[in-house]
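Have a glance at it first, and then we'll walk through it one piece at a time.

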Amino acid sequence: MVGALHGPMLDAAGKSLREFLENLDALHARVALTMSELKPPRFRLVPIDSSNMLLEYHSTREGLAPMVLGLLKGLSIRFNTPVEVSHTRRDSHDEFTIRTSQAS
């Protein structure tokens, strides 16, 4: 369950799955302001069309792609937007192709 402090921050990050993913990098940057030792991951959302998008995930920490997959599945529930997600590992980052069954 999301803590009382995190709920409003998550609510402010977006009202749809696409909007939230567009703001995911900024969300991590805000968290990093309060935790100077944190080296947050970087996210870049590349919209493909109204139902498809690509999420790039860059991190200095190895092996966290399954956590991002879980995050995406949890966000699909939060925003009532069913998704199909495929994962590809690139040389320098991970990519998640996200297909929604509705325009988001």
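## A hairpin to start with

Start with the hairpin that links β1 to β2 by way of four residues. Keep in mind that what you're looking at is a predicted model. The two strands, β1 and β2, pair up in the antiparallel sense, with six bridges between them.

## How enclosed is β2?

Is β2 mostly enclosed or left open by the rest of the structure? Seven of its seven residues are buried, so β2 is largely enclosed. Its residues point two ways: Asn52, Leu54, Glu56 and His58 go one way, while Met53, Leu55 and Tyr57 go the other, and all of them are buried.

Take Asn52, which belongs to β2, the strand covering residues 52-58. Asn52 has a relative accessible area of 10%, and because buried means under 20%, it counts as buried. Which residues does Asn52 contact, apart from neighbours within four places in sequence? They are Arg18, Pro47, Ile98 and Arg99.

## The largest nonpolar core

Now for the largest nonpolar core, which has 17 residues. Leu21, Leu55, Val68, Leu72 and Phe96 are the members that touch the most other members. At least two residues of this core come from each of α2 (17-22), α3 (24-34), β1 (42-47), β2, α4 (65-78) and β4 (94-100). As a general point, nonpolar side chains in soluble globular proteins tend to be buried together.

## Leu55 up close

Leu55 is one of those core members that touch the most others, and it points the way Met53 and Tyr57 do from β2. Setting aside neighbours within four places in sequence, Leu55 is in contact with Leu21, Phe43, Arg44, Leu45, Val68, Leu72, Asp94, Glu95, Phe96 and Ile98.

Technical notes: Residues are numbered from 1 along each chain as its sequence is written. This is a predicted model: local features need pLDDT of at least 70, side-chain atom pairs count only at pLDDT 80 or more; totals for chains, interfaces and linings use all residues. Side-chain values use heavy atoms; hydrogens and water are left out. Buried means under 20% relative accessible area, exposed over 50%, partly exposed in between (1.4 Å probe, protein chains only). Contact means heavy atoms within 4.5 Å. A nonpolar core is a set of buried Ala, Val, Leu, Ile, Met, Phe, Trp, Tyr and Cys residues joined through side-chain atoms within 4.5 Å. Two strands pair if DSSP finds at least two bridges between them.
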